[in-house]
Amino acid sequence: MATKSGLVSTALRTVSLANEKEVHSTLASIQKQCAQKRAELYELIKDDIVEFKQQADFTLGVRHQLKEVENEFEKLNTKIKGDVRGKILSSSGKKQEIEGKLMETEKLIRFLTSLYSIYETFTSSWKDLETENYAMAASKIRKALTAINEISDEGKNAEIFVSLQHELSERYDRLKKALSEKWQSIFCWKPKKVAASTDMLKVSLLVTKAEMSEMFDAMRELGIWENMVRSFARQFLAVFCTPFISLQDRLIVIGDKKEAILLSFKSLTYTRSIADTFGCLLDVFKCVRDIVSDKHQQSWLSVIQTEMEEVLPNLLIDKCLADSVPSSVEELQQYDQVITLTEEFEKSLVKMAILSTDFSQLSEYVKNVNVHFSKKQVEDILVQARNILLKPLHSTKLVKQADVLKNLDALGSTPVETIDSLEGVFSEEELDSKLFHFPVCHVSESVLEFVQLLYDSLLKCTQSSGSAAVQLFHTCRDMLDLYCAIVPSCHRAVITEIPQVAAVHHTNCLYIAHHLLTIGHQFQARLPPPLNSGTSTFVDFIPKLQQLGEETFLCEMRKQRDTTLRPLMRIRSFENISFTERQSSVHEALKQSLLHIGQVSNVFQEVLPSHVHAKSTGALIDSLITCFVEKVTCLEDISEDDSTVLYSFIQNISQKVMFVFQAKRSGQTIDPSSVCNHFTKLQELGFILSASLVEIVNGWQTGSLSKHFTALELRSLIKAIFQNTDHRAKSIAKITA
């Protein structure tokens with residue numbers, strides 16, 4: 001092992017030595033090459049530095065020379081600014097001053113030239129105005145006005161301009177006034193002012209054709225032509241067309257001469273027809289069209305057309321065509337002639353350019369005659385109904401069942417027989433033939449007219465068809481709405497102040513409601529579709545009318561009740577009523593109350609049905625009896641004399657009540673207990689005041705007293721009437737609830 005390692009070390013040393021020699025030789029060679037390159041680089045840098053130094057020295061020299069040139073230029077610039085520029089500025093200012101003066105001079109020349117032109121035009125127009133050459137004068141004044149408006153604002157402050165402008169305005173107004181006077185001389189209205197509408201029929205128009213064209217040209221130049229024509233058209237409509245169309249006994253007469261036209265009114269002894277109206281209007285409008293020459297006719301008619309279309313159609317419809325709308329079916333069938341006349345009249349006006357080519361308002365109105373016919377019927381019915389409802393209510397008539405059936409006879413029906421048709425429906429018992437009878441009472445004559453109008457309107461409805469029938473049917477319903485609105489408001493004062501009128505209003509409402517109960521069924525079979533489908537009825541108005549009549553009558557009854565009780569309410573108590581003063585005061589109070597009841601009963605008996613009269617009178621008597629009984633039952637001590645007086649009062653009240661219920665109309669006497677709930681109680685109170693304890697106890701046990709008095713009330717009365725004894729105590733003990 002030792003031998004091998006030594007060989008390796010020897011080999012490595014041999015290799016190291018060989019490499020070291022080789023490295024040294026290589027380094028020596030490289031150093032030699034570096035020395036050569038360094039020498040070459042030195043030579044190269046040396047040449048460049050020498051050349052750069054020469055260029056740098058040359059550049060510094062040039063820079064120094066440039067600096068000297070800049071200094072000289074700076075000195076020269078300073079000198080120019082100081083000497084030459086001042087002279088330049090001075091000459092520039094003088095130039096601007098000269099140019100400003102030149103511009104002002106040019107403006108002045110233009111201003112003076114314009115003023116001279118205006119003045120020359122203005123002066124020549126004065127001559128034209130003096131010679132009545134209005135068209136030339138108007139043309140020159142218009143040119144002068146145009147020129148004066150084109151002058152700049154700076155020149156308008158000049159005194160000469162202001163004076164000229166003022167003079168020109170004055171000349172314009174003078175020419176305008178001259179043209180206006182000329183217009184009035186050509187279109188001469190006599191008289192010029194109308195104080196009243198009746199004086200319009202005395203107005204006439206004289207139109208002079210001479211010199212008209214000259215005046216029209218002048219007006220067009222001044223821009224007042226359209227206003228003057230419009231003013232003429234409005235005055236013509238107001239003075240001629242409106243009175244002529246409104247009044248049916250006048251004609252417009254046309255007196256046509258060679259140089260003038262005269263229009264005036266003429267009275268007729270008859271009422272003119274629509275054909276006469278249209279023919280006369282066509283002649284008048286033809287005259288209006290031919291007033292001016294062909295040169296101005298188009299512009300003349302354009303202004304006339306504008307004014308006519310605003311007023312004339314509505315005027316013709318309201319005052320002429322509306323009156324021609326038929327009021328019956330026979331007249332409606334003959335209305336084709338009016339339609340033809342209206343269409344021809346409208347076409348003629350369009351041809352004359354009085355109306356525009358697309359105008360058709362008049363022909364459309366007459367073609368819709370069915371609508372206007374229905375509308376007129378509706379208006380006539382509602383106006384007639386309103387006038388009827390405004391009539392006084394106190395003018396009445398006694399209504400019986402035969403009077404109610406008169407309206408049905410016109411339809412060929414008998415309502416009594418119609419009740420027999422209900423026998424199959426109610427098989428258990430027969431209906432009374434008087435079930436739908438209206439009780440005998442007084443009804444306002446105006447309401448009778450109103451119901452008759454309602455039947456007549458429904459009869460017209462059966463003779464119509466389609467929408468006209470539906471409109472008439474709804475008009476009948478509107479009549480009832482009208483009644484509910486007008487009568488309570490327009491007749492409020494008399495209804496609230498006069499008891500008889502309040503009762504009449506009550507029967508009026510019941511009378512109308514009675515007819516409405518069956519009126520729809522009576523006409524249903526004869527109404528055209530869709531009204532005959534079963535929905536055409538008036539029963540929905542029945543509760544409203546009944547409530548209207550009942551509220552009014554109940555309000556009157558409350559007022560009469562208060563009046564009835566007022567004398568008795570003034571007496572605080574019936575204590576010691578046997579005293580002469582107390583007895584006389586109570587007697588007087590009862591007398592006043594009973595007298596008032598009798599008066600009210602007499603008033604109501606002449607108006608109300610017998611059963612309503614009995615109930616209303618019974619209600620007033622009941623209120624009096626209740627007040628009297630309450631005052632007696634609240635007494636704590638009633639002496640024998642007091643009992644006697646109270647019993648006499650009760651007998652007096654009973655007699656008066658029996659007298660009140662003697663029916664004058666039927667001659668029969670009504671039992672007061674059937675309509676007065678407390679009348680029997682009053683009689684039982686009289687029995688208590690005059691009976692013994694045994695009789696009172698027997699009456700309680702038999703039930704005659706228990707029907708009207710409570711146990712507490714009866715015991716209180718016994719304690720007040722009878723002295724405190726064992727017998728009274730035993731009797732009171734027997735009276736139990």
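A residue is taken as buried when its relative accessible area is under 20%, and by this criterion buried residues account for 38% of the 737 residues of the chain in this predicted model. The chain contains 27 helices and 6 strands. Of the contacts in the chain that link residues at least 6 apart in sequence, 74% are formed between residues at least 24 apart.

Helix α7, which spans residues 294-324, comprises 31 residues, yet its end C-alpha atoms are only 37 Å apart, whereas a straight helix would reach 45 Å at 1.5 Å a residue. A kink of about 45 degrees is found in α7, and this kink is centred on Met308.

Helix α25 (residues 693-702) packs with helix α27 (residues 726-734) at an angle of about 5 degrees, and the axes of the two helices are 10 Å apart. Because angles under 35 degrees count as roughly parallel, α25 is described as roughly parallel to α27. To this contact α25 contributes Leu693, Val694, Val697, Trp700 and Gln701, while α27 contributes His727, Arg728, Ser731 and Lys734. By residue class, the contact of α25 with α27 consists of 4 nonpolar, 3 polar and 2 charged residues.

Asn677 is located in the loop that lies between α23 (672-675) and α24 (679-690). With a relative accessibility of 61%, Asn677 is classed as exposed, since the cut-off for that class is over 50%. Although Asn677 and Asp622 are separated by 55 residues in sequence, their C-alpha atoms are 6.6 Å apart in space.

Technical notes. Residues are numbered from 1 along each chain as its sequence is written. This is a predicted model: local features need pLDDT of at least 70, side-chain atom pairs count only at pLDDT 80 or more; totals for chains, interfaces and linings use all residues. Side-chain values use heavy atoms; hydrogens and water are left out. Axes are lines fitted to C-alpha atoms, for helices over the stretch in contact, and angles run from 0 to 180 degrees between N-to-C directions. Helices (H or I, at least four residues) and strands (E, at least two) are DSSP runs, numbered from the N terminus. Angles under 35 degrees count as roughly parallel, over 145 as roughly antiparallel, 65 to 115 as roughly perpendicular and the rest as oblique. Contact means heavy atoms within 4.5 Å. Ala, Val, Leu, Ile, Met, Phe, Trp, Tyr, Cys and Pro count as nonpolar, Asp, Glu, Lys and Arg as charged, and the others, Gly among them, as polar. Buried means under 20% relative accessible area, exposed over 50%, partly exposed in between (1.4 Å probe, protein chains only). The expected span of a helix is 1.5 Å times one less than its number of residues. The bend at a residue is the angle between axes fitted to the seven residues ending there and the seven starting there.
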